[in-house]
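Subject: Structure handover

Hello,

Here is the structure I promised to pass on. Please open it beside this email and follow along.

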Amino acid sequence: MKNPGKYVVPAVSYFFILLFCYAAISKIMDFENFQVQIGQSPIISAYAGLIPQAFIITEMTIVVLLVFTRTRRIGLYASTALMSAFSIYIFLILNYSDFVPCSCGGILEKMGWNEHLIFNITTVVAGIAAIILRSGNEKLNLKFTLTILLITNIVSIALVSGLFLSSDYIIRKENNFTRKFLPYPVQKNRSFRLDNTDYYFAGVDANNIYLGNRKFPQKLLIFNQTTNLLYSIQIVPDRLNLPFKDLRIYVKDSYFYLADGTVPVIFRGKIGDTRAKTISYQDAYFSHLEPVDSVSFVIRTHYGKTNQLTLGILRLQEKQKVKLYPAILKKQTDGVFDSDGKLTSSVSGKLAYVYSYRNRFIISEDDLHAYNEYKTIDTTSQANIKTVKLSNGLNKKSRPAMTVNQNIAQYRNVAMIHSQLKAKNELPEVWKSNDVIDIYRSDRQEYLGSFYINKVGNKTLSHYLPTDRNLYVITGNQLIVYKYNKSFNTIIK
């Protein structure tokens, strides 16, 4: 082919015209939802008031430039730079964001983030090829073309990176509090490689640690604390023809439970067996569950009368199976997002609930009759939640809320909270390479100190479980065992 540019340049131009037309029109047709999704982005949320309109105007302007032959080269430069910006955006989301948000409309809704990154890079290469072919074979033209390409793509990448850094600073302002770090409270003893990154702690007994898996919800992984052997069993519930969305495993005493609060259903089986029988079906919907005994469960549910998150107890053997305790979780703004958090139980029969977006946690008896609320050491007493009501009547967060507490584990007389906020006495480089656990008394208001858990690569710890012998941590695809030192043993006992 003597002149490949004669066919490649128009083909790439028409492709970009279709791509940006489709992207812009889909955003315009669902602008309300697109605006909310931009607000939820961890990279550009601080500029959510300007970005949605800028996206649409930019895409439509590029379409106009590409339509006309005289401005097509400028349109190709702009297309390539914009796709480079989208590529670095996705790269930052996947590698440096605290969470991966939902998509922002258009083609992205039909692809995963990794697939879309590959697609974007491919379009950048196609755009560069079209521009080079259009510039011809003259050395001067080629040099000029490559210079403009380099400048436009560097500027677009730098712009997105700058938005990320400045938005992250605006959202995550340093809190005015100081941590007291304990002298080497835990020491890494050994680690075990898991076959994927979707494990969580399902329970513990005198001999074993039990792990569930989000990707394979019927799989129960068992780790023997004495022999350090790992083996798994496949749980078989007595019915599988249900619309499962969030099937989770829980282990308590001599039973395991398989439950999905969106159905809602609870199965129960005996440890050592693989069969699980239905013990509850459509008794109560729930978003969190913790077994109390073989027929009683503490749940977190949505209370229709108040439209708020509420804790309650599901007792299968009573006539009135569900009893709610709406006074425990305190509403600040909407009673849903502001009350969000993590619920967990311990072998000592206590329950713990930590708010995700404010400096509070709750320690309760497993019957929910007696409870106390305590403060964490950071200064975020009010949940920084902004919501918007969509045309369908549903509320959505209009921007990412600042997460204060990621998780809680309650053991004996202490509560261990995985904090998400950097104290003023912490070095940024140390903070970035470690997760921090704050320790509190669970029987009175007292902060005992903090310690670091090293991140594995860029992976932060996802779950942790304190026992009599060790602290178990899941980071990425590793199960890591930490030994307590003597001074730390005196704290937790």
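Below are my notes on strands, helices, aromatic pairs, salt bridges and one surface patch.

First, the ground rules. This is a predicted model, in which local features need pLDDT of at least 70 and side-chain atom pairs count only at pLDDT 80 or more, while totals for chains, interfaces and linings use all residues. Residues are numbered from 1 along each chain as its sequence is written, and side-chain values use heavy atoms, with hydrogens and water left out.

Start at strand β26, residues 470–475. Helices (H or I, at least four residues) and strands (E, at least two) are DSSP runs, numbered from the N terminus. Six of the six residues of β26 are buried, so the strand is largely enclosed by the rest of the structure. Buried means under 20% relative accessible area, exposed means over 50%, and partly exposed is in between (1.4 Å probe, protein chains only).

In a regular strand, side chains alternate between the two faces of the sheet. In β26 both faces are covered. N470, Y472 and I474 are buried on one side. L471, V473 and T475 are buried on the other.

β26 pairs with strand β25 (residues 461–466) in the antiparallel sense, over five bridges. Two strands pair if DSSP finds at least two bridges between them. L465 stands opposite Y472. The hairpin from β25 to β26 runs through three residues.

β26 also pairs with strand β27 (residues 478–484), again antiparallel. Here there are six bridges. I474 has L479 in β27 as its bridge partner. The hairpin of β26 and β27 has two residues between the strands, and G476 there takes a positive phi near 60 degrees.

**Aromatic pairs**

Rings of Phe, Tyr and Trp (its six-membered ring) pair if their centres lie within 6.5 Å; planes under 30 degrees apart count as stacked, over 60 as edge-to-face and the rest as tilted. The count by this rule is 14 aromatic pairs. In one of them, the ring centres of F223 and Y472 are 5.9 Å apart and the planes lie at 70 degrees, so the pair is edge-to-face. F223 sits in strand β4 (residues 219–224) and Y472 in β26, so the pair ties together parts that are 249 residues apart in sequence. Both F223 and Y472 are buried.

Another pair is F361 with Y440. Their ring centres are 5.4 Å apart and their planes are at 50 degrees, so this pair is tilted. F361 belongs to strand β17 (residues 360–365) and Y440 to strand β23 (residues 434–441), 79 residues apart. F361 is buried at 0% relative accessibility. Y440 is buried at 2%.

There is also an aromatic cluster, formed by F15, F16, F20 and F119.

**Helices**

F119 is among the buried residues of helix α5, along with W113, H116 and L117. Helix α5 covers residues 113–135, which makes 23 residues. The expected span of a helix is 1.5 Å times one less than its number of residues. For α5 that gives 33 Å, and its end C-alpha atoms are 33 Å apart, which agrees.

I57 lies in helix α3. I57 counts as exposed, at 56% relative accessibility. I57 and A24 are 33 residues apart in sequence, with their C-alpha atoms 8.2 Å apart in space.

**Salt bridges**

A salt bridge is a side-chain nitrogen of Lys or Arg within 4 Å of a carboxyl oxygen of Asp or Glu. The whole structure has 16 salt bridges. One of them joins R300 and D340, with the closest N and O atoms 2.9 Å apart. This pair links distant parts of the chain: R300 is in strand β12 (residues 296–303), and D340 is in the loop between β14 (322–325) and β15 (341–345), 40 residues apart. R300 is buried at 6% relative accessible area. D340 is partly exposed at 25%.

D273 and R275 form another, with closest N and O atoms 3.1 Å apart. D273 is partly exposed at 24%, whereas R275 is exposed at 58%.

E318 and R315 also form a salt bridge, at 3.9 Å between the closest N and O atoms. Salt bridges that share partners join R179, E426 and D438 into one network.

Best wishes
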